[in-house]
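Subject: The structure I promised you

Hi,

Here is the structure we talked about, with its sequence. Have a look around before you read my notes below.

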Amino acid sequence: MEASEARRFVVLDFYRFVAALGVFIFHLKLVDPGISPVWNGSFGLFVDMFFILSGFVISYSYPADARGVRAYSRFMIRRIARIYPLHLLSLLIFVVLIGVGLERTARSTSLDFLYNLLLVQAWGVTNHLSFNSPSWSISAEFFCYLIFPLLMLLARKVQPVVLGAIVAALYLVLAHGHLPIWQDRSQMYGANYDYGMLRALPSFLNGILLAILFRMSGPYRHKPVIFAGIGVFGLSVLVLNVFAKPDLAILLFSCAILLTAVGESAFKEFPGARLLGRLGNTSYAIYMLHDAVLIAVFKPLWTWLELRPDQFALFALACCAVLTIIADRTYAYFENPARRLINRWADIGAASPRKAPVVAAETSMRFDNTERAVN
């Protein structure tokens, strides 16, 4: 497949779905302090896989000839259309939850609302999480979007081996350097409000590197390769469940993404693509809405049903099913329509009256795959 033939990788979409549910379970286990230690996996590190996937999909889909202010403007509008409507909805939901007294743990002020509204809450401007706390990663991702042209310029100017060395150096310095910016003893991998956008940077650039390697993988695009990718992804989930080894998890995530993309590209259509794609579509809503649903529904339900810690597995399974249905309906009736509406406005505004239909259609086709990137 040529670089211009952008496609959707539905197995990678499924990984996003699994990762989003992993983050949800990472927070759900807090409903009871007696939950078995077997559930104490480091699933919060799935956020770093989101950053890698995002860098991979966006840079792979980005038109090679896109240059200048107009291309950057179109890119940013589409990225905002992808992430912002649901972010705004979740922010307003938390305003309501705080107003009715259901959310009592978050430190959320009027200034915090402004930070969240502008998507800068993970840029070191505050010393606490606020409102929809998982949205810190969307703020971090937004930072990567803003500097995306610079990252792509770097990626195009240097050899892949040099870019790999830069990525490794960023991980080394940010994750293991004794930097005063991190508030958590786990350094970069525990960052969120404390310059979480720097946590996203090496992984996002790592994703760009993987996209470059994918374009060089033509001779290796055979169907069996995807099973190696799936196996490595399964191993990464096991590692997160048993060991708190962030560096190993990053390495496994990277290998899984590259091998899976290489293998899937050998299929005209991967078996079960429609289902995998639909589950992938729910991943962003699962991630962005899970904390609100946890506070408003799942925590009260756990208490009301008087469940025991040994019943957590069945409870978690039921919650995952309910959350997936909520996310699926949110995608169908809010997230996707809002994205399309914003993109339509952008296409109309960017085109001249005479050439509007043609330019809008071309723009939509060339940039459509960037809308499928992770958060």
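What follows is a short tour of what turned up in it.

Before anything else, keep in mind that this is a predicted model.

**The overall picture**

Of its 375 residues, 53% are buried.

**The inside**

Which residues have the most contacts inside the largest nonpolar core? They are Leu28, Phe46, Met49 and Phe56, in a core of 102 residues. Helix α11, residues 273-304, gives this core its largest share, with 13 residues. There is also a second, separate core of six residues, and Leu91, Leu97, Phe131 and Ala292 are among them.

Setting aside neighbours within four places in sequence, Phe46 is in contact with Ala19, Gly22, Val23, Phe233, Val237, Leu240 and Phe253.

Then try His290, which sits in helix α11. Is His290 buried or exposed? His290 counts as buried because its relative accessible area is 0%. If you leave out residues up to four places away in sequence, His290 touches Val23, Phe24, His27, Pro134, Ala285 and Leu323. Val23 turns up here and in the list for Phe46 too.

**Two loops to zoom in on**

Phe270 lies in the loop between α10 (246-264) and α11. With a relative accessible area of 12%, Phe270 falls under the 20% cut-off and is therefore buried. Along the chain Phe270 and Val10 are 260 residues apart, yet their C-alpha atoms are separated by 7.6 Å. Not counting residues up to four places away in sequence, Phe270 touches Val10, Val11, Ile226, Glu264 and Leu276.

Pro33 is in another loop, the one between α1 (10-28) and α2 (46-61). Its relative accessibility is 86%, so Pro33 counts as exposed. How many residues apart in sequence are Pro33 and Pro309? The answer is 276, while in space they are 8.4 Å apart, C-alpha to C-alpha.

**The outside**

Leu235, Leu238, Val242 and Phe243 make a nonpolar surface patch of about 380 Å². Leu235 belongs to helix α9, residues 225-242. Its relative accessible area is 41%, so Leu235 is classed as partly exposed.

**And the cysteines**

How many disulfides are there? The count comes to zero. As a reminder, a disulfide is a covalent bond between the sulfur atoms of two cysteines. Cys320 is buried, at 10% relative accessible area, whereas Cys255 is partly exposed, at 34%.

That's the tour. Send me your questions whenever you like!

Cheers

Methods: Residues are numbered from 1 along each chain as its sequence is written. This is a predicted model: local features need pLDDT of at least 70, side-chain atom pairs count only at pLDDT 80 or more; totals for chains, interfaces and linings use all residues. Side-chain values use heavy atoms; hydrogens and water are left out. A nonpolar core is a set of buried Ala, Val, Leu, Ile, Met, Phe, Trp, Tyr and Cys residues joined through side-chain atoms within 4.5 Å. Buried means under 20% relative accessible area, exposed over 50%, partly exposed in between (1.4 Å probe, protein chains only). Helices (H or I, at least four residues) and strands (E, at least two) are DSSP runs, numbered from the N terminus. Contact means heavy atoms within 4.5 Å. Patches are made of residues with over 30% relative accessible area and no salt bridge: like charges are joined within 9 Å, nonpolar side chains (Val, Leu, Ile, Met, Phe, Trp, Tyr) within 5 Å. Accessible areas come from the Shrake-Rupley method with a 1.4 Å probe; for residues, only the protein chains shown count as cover. A salt bridge is a side-chain nitrogen of Lys or Arg within 4 Å of a carboxyl oxygen of Asp or Glu. A disulfide is a pair of cysteine sulfur atoms within 2.5 Å.
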